[in-house]
Amino acid sequence: MSRLYAAADRAVAVIENGRVELTLDERGARCLAVDPKNPDTVYVGTSDEGLFKSSDGGRSWERLSGVTHPRVTSVAVSPIDGALYAGTEPSSLFVSRDGGGSWLELERLKNLPSAPTWSFPPRPWTSHVRSIALSFEDPDIIVAGIELGGVVRSKDGGESWQDQRPGAYADCHTLVTHTAAPNTVYEAAGDGFAESEDFGESWAAVDTGLKHRYVWGLAADRDDPTLLYVSAAAGPGQAHGGGFSDAAIYRRRAVAWWEPVAEGLAEFPYALAADPETAGALYAGFGDGTILHSLDAGTSWNEFARVPGLDALAVVPT
């Protein structure tokens, strides 16, 4: 059986063996990451209270100090050396090499030539690090997606940075990697979908078949890195406005075009996650807290659980 961690403002939900346990209540959870070597070690970033860590599968939490901005918008753990990265608003990136005990800000990220132009439209005076992708082969390679500012890259552990990468979309929402394709990074963005075959050095848009271009959720199949899923709406108002989203979930196999597998959705699917136990299976988490499960690559869906709202979802084998 898998264990699911779902994050939303009101709580973090731990779902296992048919049971839903709520924890970290009312702390404004908005993003999360699980240590790839230990499914009991979970990190959660919050809207205004910083970063939290659980070492016991979400039963208890400790607040980590050292990330100087309280709004943590992304978190990731290196699959190679366990280094922990936290992205914030305003756009800064911090790294810890001792499980969150101490932190170093990668300050040169803020010195990129494009940095003065970064702006998040609802709060135009700022921006944030929305997503982080870490290499499976080189612990010094970091790819970060800025909302709204582009996809940037470091080859030396954050000592220096390459500015907005050619071909990537500027309004980055989600970056995803896959162990079976270690040089590939996928991007879901406000203008569509892009992919890189040199771990973020260069990018190409792959949008054929996407009728909705405001792309948010993104997942790759457990076994097949070319079997991809995205969630999308017509625009940010439909996705985040609180009304009927008219959103869709799309699937792409190998190099074929995107095809919808769920359309006319009332709630927006904020998170997609591959099922680590079953090839061709995935979970979809919606803004109202509904989590659906598909065993046939998105062709049919069953309700799996309901939680009090959802912004982020992680699924791990247990």
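Author: Arg222 has a relative accessible area of 33% and is therefore partly exposed; buried means under 20%, exposed over 50%, and partly exposed in between, with a 1.4 Å probe and protein chains only. This is a predicted model, in which local features need pLDDT of at least 70 and side-chain atom pairs count only at pLDDT 80 or more, while totals for chains, interfaces and linings use all residues. Residues are numbered from 1 along each chain as its sequence is written, and side-chain values use heavy atoms, with hydrogens and water left out.

Reader: What makes Arg222 and Asp223 a salt bridge?

Author: A salt bridge is a side-chain nitrogen of Lys or Arg within 4 Å of a carboxyl oxygen of Asp or Glu. The closest N and O atoms of Asp223 and Arg222 are 2.9 Å apart, so the pair meets that limit. Asp223, at 43%, is partly exposed.

Reader: How many salt bridges are there in the whole structure?

Author: A search finds 18. One of them joins Asp48 and Arg71, at 3.2 Å from N to O. Asp48 lies in the loop between β5 (42–46) and β6 (51–54) and Arg71 in strand β8 (residues 71–77), so this pair ties together parts that are 23 residues apart in sequence. Strands here are DSSP runs of E, at least two residues, numbered from the N terminus.

Reader: Why is Arg71 called buried, and why is Asp48 called partly exposed?

Author: Arg71 has 18% relative accessibility, so it counts as buried. Asp48 has 48%, so it counts as partly exposed.

Reader: Which labels do Arg251 and Glu259 get?

Author: Arg251 is buried because its relative accessibility is 9%, whereas Glu259 is partly exposed at 32%. These two side chains form a salt bridge, with the closest N and O atoms 2.9 Å apart.

Terms used. Helix = DSSP H or I, 4+ residues; strand = E, 2+ residues; numbered from the N terminus.
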